[in-house]
Amino acid sequence: NPVFSWSVASGPYTYGLIVWDYSGSYVWSVFDLTTTAVTYQGPSLTQGATYGYEVLVFNSEGNFSAVDGRFIYWQTHNGTPIDPNDKSGIPGFGTQGFVILNTQLQYLINFENLKTATAPAQEVKINDQLDTANMDLNTFSFGIISFGDHIIIVPDSQKIFNTTVDLRPEKNLLVNIQAELNTITGLLTWNMKSIDPSTGQLPGDPMVGFLPPNVSPPEGQGYVTFRIKPKTDIALGTEIRNKASIIFNTNPPVETSEVLNTVDSGIPASSVSPLSSTQTTADFTVSWSGSDDIGGSGIKSYDIYVSDNSGAYTLWITTPNTSATFTGINSHSYSFYSRAMDNAGNIEDAPAQADATTTVAIPAGLLGDINNDGIIDISDVILVLRIALGLDPLQPCSDINNDGIVDISDVIL
């Protein structure tokens with residue numbers, strides 16, 4: 001039966017696991033686990049069928065996070081390695097994986113010969129058909145090829161790579177590695193093959209191979225990476241899908257999960273709403289709005305810039321909200337503009353001129369505004385108290401009740 005295992009940062013946590021088939025039907029679940037591994041105990045699985053699973057991690061307050069994936073069930077026999085495959089890429093935004101047009105898409109393909117396998121893998125083949133309609137093959141580059149504690153870094157921009165790794169003296173084996181991108185078809189391949197140094201061929205003993213069961217990680221696991229950019233002329237909303245297949249020895253190929261990214265090439269638009277020509281208080285509300293292209297990733301946040309008395313624009317606030325209170329200074333003029341950023345990372349250009357301009361013009365003698373800053377607050381109360389106590393001279397607007405004297409009644413008001 002399959003064994004599910006996962007790793008998390010220090011807890012305390014409890015865990016749950018849900019398994020379903022790819023028609024969406026429930027298969028099996030278990031909850032209230034206190035360990036990070038569990039053996040499948042549900043109904044018999046179908047050979048070659050694809051299943052989905054979700055691991056739930058619960059904290060002490062009952063809140064949880066989840067990680068999901070899928071696997072293809074292959075019942076193993078004596079002398080057969082086991083290959084759980086996995087592929088990941090740039091997550092992007094949301095379920096559609098939105099990315100901007102010039103994003104460098106990076107992919108990682110994991111492979112592992114589980115510790116429960118009964119034989120090493122002598123040969124590992126990985127095939128990955130790139131989307132030639134939407135991927136720019138000229139921007140392709142291999143990344144890392146790794147197995148066990150061996151890491152091979154492929155030089156940038158190479159489309160064909162060959163090397164041999166010598167495992168001696170720990171193992172009397174060579175590993176021949178061939179990687180190639182077919183620039184016509186877009187087929188990407190890796191082939192890692194065990195070589196007997198004495199014959200130059202695959203070892204005759206099926207129990208000898210470069211990727212043993214993963215009893216002491218990382219001895220039985222590995223990965224490959226590559227990167228590529230989308231074409232520059234593809235339309236907003238174009239989906240780029242990618243998956244790989246992995247073959248251990250002569251086993252049937254097993255597909256990885258599919259990575260989906262959606263190109264958001266549209267730039268959001270926004271503007272600050274018009275303001276009245278003057279503000280009679282130092283504090284006033286500034287509002288703005290924006291929109292993203294239909295089918296885009298949606299607006300994430302706004303950068304609002306302000307100029308004080310025709311000076312250089314500076315960033316005032318970055319926020320997902322569409323209004324905020326600005327505090328100005330009496331007799332100062334302020335100009336505002338906005339720049340929107342969408343969830344993929346596209347940022348609106350700054351406009352040629354301000355969206356809105358206003359001047360703070362606080363009327364003289366605002367009742368209670370002792371320090372003439374345009375607002376009535378605790379500082380004004382303190383000043384009235386000092387005047388009432390005779391500590392400070394009489395100020396305009398300090399006689400709140402207009403009875404001709406400044407006393408405790410004015411402080412209370």
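Which order do the five strands of the open sheet have? The order is β22-β28-β27-β24-β25, and the pairing is mixed. The legends below take up this sheet and other close-up views.

The model is predicted: local features need pLDDT of at least 70, side-chain atom pairs count only at pLDDT 80 or more, and totals for chains, interfaces and linings use all residues. Residues are numbered from 1 along each chain as its sequence is written, and side-chain values use heavy atoms, with hydrogens and water left out.

**View 1. The whole protein.** The protein has two helices and 28 strands; helices (H or I, at least four residues) and strands (E, at least two) are DSSP runs numbered from the N terminus. Of its 413 residues, 38% count as buried, where buried means under 20% relative accessible area, exposed over 50%, and partly exposed in between (1.4 Å probe, protein chains only). The protein exposes about 21200 Å², of which carbon and sulfur atoms supply 52%; accessible areas come from the Shrake-Rupley method with a 1.4 Å probe, and for residues only the protein chains shown count as cover. Among contacts (heavy atoms within 4.5 Å) between residues at least 6 apart in sequence, 62% join residues at least 24 apart.

**View 2. The open sheet of five strands.** Strands pair here if DSSP finds at least two bridges between them. β22 (278-279) and β25 (314-319) stand at the edges with a single partner strand each, so one side of each has no neighbour in the sheet. β24 and β27 (residues 333-342) run antiparallel and are joined by nine bridges.

**View 3. Ser-301 in strand β24 (residues 299-308).** Ser-301 is buried, with a relative accessible area of 11%. Its bridge partner in β27 is Met-341. Not counting residues up to four places away in sequence, Ser-301 touches Thr-318, Thr-319, Pro-320, Arg-339, Ala-340 and Met-341.

**View 4. The largest nonpolar core, with 40 residues.** A nonpolar core is a set of buried Ala, Val, Leu, Ile, Met, Phe, Trp, Tyr and Cys residues joined through side-chain atoms within 4.5 Å. Val-124, Ile-126, Ile-145, Trp-190 and Met-192 have the most contacts inside the largest core. Strand β11 (residues 135-147) gives the most to this core, with six residues. Apart from this core lies another, of 17 residues, among them Val-272, Ile-304, Ala-356 and Val-360. Leaving aside neighbours within four places in sequence, the contacts of Val-124 include Phe-111, Trp-190, Met-192, Phe-210 and Ile-247.

**View 5. Salt bridge between Arg-227 and Asp-156.** The structure holds seven salt bridges, each a side-chain nitrogen of Lys or Arg within 4 Å of a carboxyl oxygen of Asp or Glu. The N to O distance for Arg-227 and Asp-156 is 2.5 Å. This pair links distant parts of the chain, 71 residues apart: Arg-227 is in strand β16 (residues 221-230), and Asp-156 is in the loop between β12 (150-153) and β13 (160-166). Asp-156 is exposed, at 57% relative accessible area.

**View 6. Salt bridge between Glu-255 and Lys-243.** The N to O distance is 3.1 Å. Glu-255 lies in strand β19 (residues 254-255) and Lys-243 in the loop between β17 (239-242) and β18 (244-248), twelve residues apart. Glu-255 is partly exposed at 39% relative accessible area, and Lys-243 is partly exposed at 31%. Salt bridges that share partners join Glu-239, Arg-241 and Glu-258 into one network.
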